[in-house]
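Okay, thanks for making time, everyone. Let me put the thing on the screen and then walk you through it.

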Amino acid sequence: MTNVWLAVAVLGGLGAFFGLLLAISSKVFYVKTDERIEKVASCLNGANCGGCGYAGCSAYAAAIVEDGAPIDRCTPAGQEGVKGIAAIMGVEAVEMQRMVAFVRCSGGDKAQVKYAYNGLQDCTVAAQAIGGGQRSCAYGCLGFGSCVAACRFGALSIVDGVAKVDPEKCQGCKACVETCPKHLIDLIPYGFEGAVPCANTDKGGITRKVCESGCLGCHLCEKFCPHNAIHVVDNLSVKDYSKCQNCGICAEKCPRKLIYMPHMDVSKRTTA
Amino acid sequence: MSLTGIVSIALGAILIENFIFSQFLGICPFLGVSRKVDTALGMGLAVTFVMALASVFCWLVNTLLLVPLNLTYMQTVAYILVIAALVQFVEMFLKKSIPGLYQALGIYLPLITTNCAVLGVVLLNTQKNYDFLSSLVYGVTGGIGFLVAIVLFASVRERLDLTADCPRSFEGFPIALISAGLLALAFMGFSGLKVF
């Protein structure tokens, strides 16, 4: 019988000893954490997408509380999130512009294929193959869908050999922007129409040979734009989102029908 | 304790009697944390660290407390207590002193408490009547064996995810289990290895 009590005493003592040790060390090694960090984190989306530029939602929340990071970086949480964080941090809620991804290529199957590629069906690998991939256009979308795989929100899909973004689903986390080996994906303001879906900076004649869809750099859009919002840089038309009034004249003048503006506002054309 | 003995224990723990591939201990983190090489490396290092510490402390508890008091039948319970307390302590210590490592290990650190490879190493130490140095060596090298196994397996799984043309019904976990089995078979090749 004494044996049992001895066992109880020894193990109990051991447990109590370790408990005491842990209690002491929890005081000694106490790290003060700001309770606001958890509150801020609950305002964020929790997808850990990394679109804010921090390692994850909790890292961003810590950066807001401790380093005073800007509070409008969480695109998935949107304006609601900004309001919540502003209330916790006691700062003014800033208006945030929702940004969505946009693929600067409309080639896909319309672009010529220069050789049969039988390698790994992955853009990053294919982009390292001879000539930067199987398409004749060295700038365009390879269509293997690495961005589709990278997207956590199911906003991307491959349509006719080129990646397409569903702006309703896109949360602007930039996962695809970082994945695309051709650097084709940009963030544009949500609802913005008529960005130029091409990245080919070759001269028009060369572009015409490799792709039925590419921008030739013909300057027609630039000439007719009443708002000075579209310019040809390096044989490629680039739109200035801040100046564009959505008048749609560039979409009409483009000989390649490259610019797509279904909701153009014709009345804005007069203010030249 | 001779050098030959140490080398023999080390090679035994890493290759011949690898904790995962031939003793089948610690399978849970082995399958759970082997999706990426980075996290597998972190987990492996954390396990090595805890295994080494647990070997030392459990040896002390056993030789100074349990054996003199004829309480060796309480070994398992006492060891669990020691390991749990140890992991808690290590977590607190890291959080305060090396926050970088604490962040990197994340959730895996507390998970080690329930890792049977850690309990296995201390029980085997007792079973084999190892002295202090041998226990320490067995703990460290057992951890290294775990590290080697989990990193190898994570690299295999990364490649499986990326390149393998795997039948749909085998995708994900089934093919991981199959490749784990194949890796274990490969490690069987070491069983003929004799040291000195």
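By salt bridge I mean a side-chain nitrogen of Lys or Arg within 4 Å of a carboxyl oxygen of Asp or Glu. A:Lys243 counts as partly exposed because its relative accessibility is 37%, and A:Asp240 counts as partly exposed because its value is 26%. The cut-offs there: buried is under 20% relative accessible area, exposed is over 50%, and partly exposed is in between, with a 1.4 Å probe and protein chains only.

Before I go on, the housekeeping. This is a predicted model, where local features need pLDDT of at least 70 and side-chain atom pairs count only at pLDDT 80 or more, while totals for chains, interfaces and linings use all residues. Residues are numbered from 1 along each chain as its sequence is written, chains are lettered from A and ligands numbered from 1 in the order in which they are written, and side-chain values use heavy atoms, with hydrogens and water left out.

How many salt bridges does a search of the whole structure find over all chains? It finds 4. Another of them is A:Glu80 with A:Lys83, at 3.9 Å, N to O. Both of those residues sit in helix H4 of chain A, residues 78-89, and they are 3 residues apart, about one turn of the helix. Helices here are DSSP runs (H or I, at least four residues), strands likewise (E, at least two), and the numbering goes from the N terminus. A:Glu80 counts as exposed because its relative accessibility is 60%; A:Lys83, at 45%, is partly exposed.

Then there's A:Asp186 with A:Arg104, at 3.2 Å, N to O. That pair links distant parts of the chain, 82 residues apart: A:Asp186 is in strand E4 (residues 185-189) of chain A, and A:Arg104 is in the loop between strand E1 (99-103) and helix H5 (123-126) of chain A. Buried or exposed, or something in between, for A:Asp186? A:Asp186 is partly exposed, at 31%, and A:Arg104 is partly exposed too, with a relative accessible area of 22%.

**Chain A and its hairpin**

Of its 272 residues, 44% count as buried. And if you take the contacts in chain A with a separation of 6 or more, residues 24 or more positions apart account for 53% of them; contact means heavy atoms within 4.5 Å.

Now look at strands E2 (residues 156-159) and E3 (residues 162-165) of chain A, which run antiparallel and are joined by 4 bridges. Two strands pair if DSSP finds at least two bridges between them. Within that pairing, A:Ile158 stands opposite A:Ala163 in E3(A). The hairpin has 2 residues between the strands, and A:Asp160 takes a positive phi near 50° there.

Speaking of positive phi, A:Asn246 is not a glycine either, and its phi is near 65°. You'll find A:Asn246 in the loop between strand E6 (236-239) and helix H10 (249-253) of chain A. With 21% relative accessibility, A:Asn246 counts as partly exposed.

**Over to chain B**

Chain B has a positive phi to show as well: B:Phe24, near 55°. B:Phe24 lies in the loop between helix H1 (3-16) and helix H2 (27-32) of chain B, and at 53% relative accessible area it is exposed.

For contrast, go to B:Thr126, in helix H7 (residues 116-127) of chain B. B:Thr126 is buried, with a relative accessible area of 17%. Setting aside neighbours within four places in sequence, B:Thr126 is in contact with B:Asn62, B:Gln75 and B:Tyr79.

**Where the chains meet**

Last bit, the interface. Here 16 residues of chain A are in contact with 21 residues of chain B. The area buried between the two chains is about 1,700 Å², and carbon and sulfur atoms give 87% of it. That buried area is the accessible area (1.4 Å probe) that two parts lose on being put together, summed over both.

And how many salt bridges are there between chain A and chain B? The count is 0.
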